[in-house]
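Q: Please take a close look at one residue in this model and place it in its surroundings.

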Amino acid sequence: MIKNIQQPAMCFAEETFAAVMDKLSQKNVKQVYVINKDQQLLGMVTKDTIIAALKRTPEKTQQSLAAKDILKKTFFVDLNDKPETAMEMMMQHYTTECPVVDRGTFLGYVTYREILYQMIEEKDK
């Protein structure tokens, strides 16, 4: 079971481009996780996805973009997965954070460091 889940910066799929930009800058985070009204994880918006969206979208229509238009799909683990599963996913995707869901509902993320602690803790039992 995954423990010590952190609360991330989040937005709803329909939130505007400007709102997502505000969350990225105000919270000084690397990504904003995008969820739907049922709290299901749809993906995330990063500075890279924003840059890509700006390059492919005419300037006149950039303000009409929503989070769902600029997100990228992401992996996740289930709350009941073993810590090793989260570690494997992070290594495969070259990241230090892993989104966690419980029966489809997005809970937050767990860090590489927390997963290491959990693995050590389980080994010591």
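Is Val 32 buried or exposed, and what is its relative accessible area?

A: Val 32 is buried, because its relative accessible area is 0%, where buried means under 20%, exposed over 50% and partly exposed in between, with a 1.4 Å probe and protein chains only. The model is predicted, so local features need pLDDT of at least 70 and side-chain atom pairs count only at pLDDT 80 or more, while totals for chains, interfaces and linings use all residues. Residues are numbered from 1 along each chain as its sequence is written, and side-chain values use heavy atoms, with hydrogens and water left out.

Val 32 lies in strand S2; helices (H or I, at least four residues) and strands (E, at least two) are DSSP runs numbered from the N terminus. Leaving out residues up to four places away in sequence, Val 32 touches Ala 9, Met 10, Cys 11, Val 20, Lys 23, Leu 24, Gly 43, Met 44 and Val 45, a contact being heavy atoms within 4.5 Å. Lys 47 is 15 residues from Val 32 in sequence, and their C-alpha atoms are 9.4 Å apart.

One of these contacts, Met 44, also belongs to the lining of the largest pocket, where Gln 31, Met 44, Thr 46, Lys 72 and Thr 95 lie nearest the centre among 16 lining residues. Strand S2 (31–35), strand S3 (41–46), helix H2 (47–56) and strand S5 (97–102) each give two or more residues to that lining. The pocket holds about 270 Å³ of space. On a 1 Å grid over the protein atoms alone, a pocket is an open set of points where a 1.4 Å probe fits, with protein on both sides within 12 Å along at least five of seven lines, and lining residues have an atom within 4 Å of a point. Grid points are joined across faces, edges and corners, and the volume is the space filled by probe spheres set on the points.

Strand S5 also contains Asp 102. Asp 102 is buried, with a relative accessible area of 17%. Beyond four places in sequence, Asp 102 is in contact with Asp 78, Leu 79, Asn 80 and Leu 107.

Of its 125 residues, 41% count as buried. Among contacts between residues at least 6 apart in sequence, 54% join residues at least 24 apart. Along the principal axes, the C-alpha atoms fill a box of roughly 60 × 25 × 25 Å.
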